[in-house]
Amino acid sequence: MTRIVIIGGGPGGYEAALVAAQLGAEVTVVDRDGLGGSAVLTDCVPSKTLIATAEVMTTFDSSYEELGIIVADDTPPIEGSARVVGVDLGKVNRRVKRLAIAQSHDITQSVTRAGVTVLRGKGRLGAGGQAADGSREVIVDGADGSTETLRADAVLIATGVHPRELPDAQPDGERILNWTQVYELEELPRELIVVGSGVTGAEFAGAYQALGSKVTLVSSRDRVLPGEDPDAAEVLEEVFRRRGMNVMSRSRAESAKRIGDRVEVTLADGTAIEGTHCLMAVGSIPNTAGLGLEEAGVKLNDWGQIQVDRVSRTSAPGVYAAGDCTGVFMLASVAAMQGRIAMYHVLGDAVQPLNLKTVASNVFTDPEIATVGYTATDVSCGKMDAVEVKLPLRGNPRAKMQGIRDGFVKLFARPGTGIVVGGVVVAPRASELIHSISLAVDNNLTVEQVAGAFTVYPSLSGSTAEAARQLHIRKREDSDS
């Protein structure tokens with residue numbers, strides 16, 4: 001029986017464990033904080049649960065006037081509508097933590113039912129390298145202080161990341177926070193400064209703005225979400241500003257310090273910004289130190305991330321890696337796929353190497369931004385020869401009915417064949433709408449096939465079919481000319 005040891009119980013680790021157990025391996029997962037990892041305990045599940053509450057608040061704010069809903073207090077005389085809806089952040093955060101723990105418990109039950117052994121502790125590779133029989137040594141420092149040595153035919157490293165911190169902006173868990181600490185807040189920050197305009201910063205900035213905080217978003221770049229589609233980022237930044245957020249572009253934070261019950265953030269140009277709280281969202285650091293990786297022959301890049309190929313192999317025989325610690329694509333879905341692919345490869349099952357051009361991703365702001373396949377940057381730099389159509393949602397009948405005025409559907413297709421190679425959706429619940437485009441990209445469907453499939457009328461998904469129809473017309477015009 002093949003012996004598998006997995007260090008780290010996040011999506012890459014527990015999904016790999018389930019696959020390996022199903023394929024008949026003897027599997028041990030070494031986990032420090034609880035199965036599910038940061039994705040379940042401090043990142044994806046908690047943040048999206050918080051955002052779910054913010055989404056309700058945003059829907060209410062944008063609908064009660066547009067759709068004719070009247071909300072008023074009971075103090076006569078009632079002159080008109082007045083917002084009386086607020087949020088109990090302590091209650092919200094208690095729900096967040098409760099759901100995260102419940103999800104971790106469910107994962108643990110699934111894994112143990114599959115026959116996987118779970119050890120609570122910290123794992124690391126033994127210094128001896130690969131033994132004569134091809135096995136690897138894994139040393140487990142248990143939570144109870146014990147030390148245990150395991151032998152494995154293959155090891156998977158899936159240890160994730162932790163928040164990056166600036167030397168002069170150390171989180172204290174009360175006023176200066178990182179994204180793992182915000183769920184301890186009992187009261188809504190009156191004035192929140194969010195440093196960092198990547199996915200994490202944008203999501204939290206939008207969520208707290210919706211919950212009722214006065215938010216300042218500090219971005220070192222010229223726009224929010226610099227890694228996303230430029231048109232999508234432009235829409236989101238315009239929405240942020242319209243809703244009252246102070247977006248400070250080209251502003252690099254150098255320090256954050258407490259002054260009584262206030263926080264002062266100093267920018268590189270000497271400007272000082274004050275608020276009641278500060279959230280630092282300035283990236284992440286891979287959890288690769290102290291694991292004996294380099295001593296075992298595992299190569300790391302300059303950022304400390306583990307270098308892997310498309311089947312999750314590292315440079316050391318018998319050692320695989322998955323998830324954020326590899327820096328391949330910081331998504332739970334990609335981590336899970338990397339872990340599964342590693343086990344298929346180790347255990348001799350049919351394996352399809354990781355293809356990042358079929359990965360669908362989503363930014364959980366309001367509106368959401370979902371993408372799949374080749375991007376506008378790929379097209380502009382010549383990496384992919386494609387034509388595009390962008391269809392604003394304001395012309396969609398369902399969007400009009402729901403009072404949706406921001407967003408669009410964008411498709412990229414090959415000019416000759418019409419094969420769909422990418423897409424972007426900016427809309428409420430874009431994470432659900434991207435699936436049809438993801439299927440098209442994954443299966444090399446043409447714009448004619450996408451346009452020919454029935455959609456419900458009225459529906460937001462109708463805009464995807466309409467965009468495909470417009471690309472088909474453009475293809476015909478190009479061929480005629």
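User: Start with β4. How many bridges join strand β4 to β5, and are they parallel or antiparallel?
Analyst: Six bridges join β4 (residues 136–142) to β5, and the two run antiparallel. Strands here are DSSP runs of E with at least two residues, helices are runs of H or I with at least four, both numbered from the N terminus. Two strands pair if DSSP finds at least two bridges between them.

User: Which residue in β5 is the bridge partner of E137?
Analyst: R151 is the partner of E137. The model is predicted: local features need pLDDT of at least 70, side-chain atom pairs need 80 or more, and totals for chains, interfaces and linings use all residues. Residues are numbered from 1 along each chain as its sequence is written, and side-chain values use heavy atoms, without hydrogens and water.

User: What order do the strands of that open sheet have?
Analyst: The order is β5-β4-β3-β2-β1-β6-β17, seven strands with mixed pairing. β5 (147–152) and β17 (319–321) are the edge strands, each pairing on one side only.

User: New topic. Which strands make up the parallel open sheet?
Analyst: Five strands form it, in the order β8-β15-β9-β10-β11. β8 (176–177) and β11 (246–248) stand at the edges with a single partner strand each, so one side of each has no neighbour in the sheet.

User: How many bridges are there between β9 and β10?
Analyst: Strands β9 (residues 191–195) and β10 (residues 214–218) pair over five bridges, in the parallel sense. In this pair, I193 stands opposite T216 of β10.
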